[in-house]
Amino acid sequence: MKHRSLSQYLAALTMLLMALTPLLTACVDEDEYADTPAGNFEALWRILDEHYCFFDYKRQTIGLDWDEVHARYAARFENDMTNAQQFEVMADMLSELRDGHVNLYTSFDMARNWSWQEDYPANVSDTLLRRYLGTDYKIASGLYYRVLDDNVGYVRYTSFSNEIGGGNLDDVLFALAPCRGLIIDIRGNGGGMLTMAEMLAGRFTDEPLLVGYMQHKTGKGHNDFSKMEPQTLKPSSGIRWQKDVVVLTNRGVFSAANEFVKYMKRCPRVTIVGDRTGGGAGMPFSSQLPCGWSIRFSACPIYDADHQSTEFGIDPDYNVQQTDADFARGRDTLIEFARRLLTAGKK
C-alpha cells in the first residue's frame, strides 16, 4: 500500500474539517440553544458529545462517563448566574476530560487543563541551560545551537510554533557535522505546527518510515471513526544526520512536540532520554457557543505505529530526572547523561 506523507494528511484533514463546519455550527444554533446559562451549557456538552474524539479511550483509561458528567453539571446551572460563574462551572466540566487540547476562550479568561505538566517535575532549568549555551551560541530561526566542549552538538528547540526552513536545517546540520553525536533538547516544547515536527524528523531517516496512524470522525457517535490511515515520515531531500542522536524530553513536551518524539522513536540511531512526554494526541478543532465563547477540542485521534494512542504521553528509552545534587553543581543531569551515551557511542 502506498503511504502518504503527514503534510498530505493535513491537507486532507483541512478539507474534512471545512466540510464539518456547517455541522458544528448547527450544534450551537441559537434557535436550538438559547444564550442562557443552561443553553450555553447544553451547547457546550453537545458539541463535545458529538465531535470530541477520545470518549472511548478516556472511558477505558480514567473511567469517564460523559452522560454522568452531564447530569452532575447540569444541576449546577441557574438562570441568574454571572458570566464568571458560568465560566467556572464549564471549566470544571471540561477538566473531566483531562485533555490539554480542550480550552474554553472568553474575553476574560481561558479554561485549560495543564495537569499533564503541572503535576510533574519540570526537569529543565533556564539557569542551567544558559551555562551550557553560553553567550556565543548560534540562532537559526527557532533553533539555538552550539558545539559542547566534548565535541557533542547541542540543539535547543523550544516551540514548533517557531517556523524553521530547509535552509536553516541544512546550515545547522552542516555546522555540527564534525560532532561525534547530536543532542536535540525539546524539553518544555508545548507543540505548534506538525509540519515543523515532520520537517525536522525527516533529517534523521534515509528511507520512508511508518510512524503512526490517524482517524477522523465520520458521525456523531462516540465511536464513529474512519479506518486508520497510515502516517509516513519521508526522508528529507536536504542534509541528513548519519550519527547517533539523543532527544531530551519532559512532561512539558506536548501536541506536535509529542508527535516529533513519536517520529524520532522510529528513526535509526535515535535514543529518547528524560521523562514521559505530556501527550496530546488529538488534532484540535474549534467551535462557538451561543454567547460567543469559543471552544477548542480534540477532533481527530492520532496513534503510534503499534496502533496505540499517545494521548497521555510517550515513555523515553531512559527515564532520567534532574537531581538536586547536579543542580547545585551547575550540571544538567539529562544533558550529561546524553553526553555520556554519545561519547560512548552506544545507546
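Predicted model: local features only at pLDDT ≥ 70, side-chain atom pairs only at ≥ 80, totals over all residues.
Biologist: OK, so among contacts between residues at least 6 apart in sequence, what share joins residues at least 24 apart?
Modeller: Of the contacts in the protein between residues at least 6 apart in sequence, 75% join residues at least 24 apart.

Biologist: And how does the radius of gyration sit with a compact globule?
Modeller: It agrees, because a compact globule with 347 residues would have a radius of gyration near 20 Å, and the protein has 22 Å. Along its principal axes, the C-alpha trace spans about 65 × 50 × 35 Å.

Biologist: How many of the residues count as buried?
Modeller: Of the 347 residues, 52% count as buried, while the accessible surface of the protein comes to about 15,400 Å², with 48% of that belonging to carbon and sulfur atoms.

Biologist: Switching to secondary structure, how many helices and strands are there?
Modeller: The protein has 12 helices and 13 strands. Seven strands form an open sheet with mixed pairing, in the order β3-β4-β5-β6-β9-β10-β13.

Biologist: Which ones are the edge strands?
Modeller: Those are β3, residues 138–140, and β13, residues 318–319, each of which pairs on one side only.

Biologist: What about β4 and β5, parallel or antiparallel?
Modeller: Strand β4, residues 143–147, pairs with strand β5, residues 152–157, in the antiparallel sense over five bridges, and within this pairing Arg146 stands opposite Tyr154 in β5.

Biologist: Now β9, is that strand enclosed or open, and why?
Modeller: Strand β9, residues 245–249, is largely enclosed by the rest of the structure, because five of its five residues are buried.

Biologist: Which residues sit on which side of β9?
Modeller: Val245, Val247 and Thr249 are on one side, Val246 and Leu248 are on the other, and all are buried, which leaves both faces of β9 covered. As background, side chains in a regular strand alternate between the two faces of the sheet.

Biologist: How many bridges join β6 to β9?
Modeller: Four bridges join β9 to strand β6, residues 181–185, and the two run parallel; here Ile184 stands opposite Val247 in β9.

Biologist: And how many join β9 to β10?
Modeller: There are five bridges between β9 and strand β10, residues 270–274, and this pair runs parallel, with Val270 in β10 as the bridge partner of Val245.

Biologist: Last topic, charges: how many positive and negative side chains are there?
Modeller: The protein has 36 positive and 46 negative side chains, and the centres of the two sets lie 11 Å apart.

Technical notes: Residues numbered from 1 in each chain as written. Heavy atoms only, no water. Rg over C-alpha atoms; globule rule 2.2 N^0.38 Å. Buried < 20%, exposed > 50% of the residue type's maximum accessible area, 1.4 Å probe, protein only. Contact = heavy atoms within 4.5 Å. Areas by Shrake-Rupley, 256 points an atom, 1.4 Å probe, with all protein chains shown as cover. Lys, Arg positive; Asp, Glu negative; His and termini not counted. Charge placed at Lys NZ, Arg CZ, Asp CG, Glu CD. Pairing = 2+ DSSP bridges.
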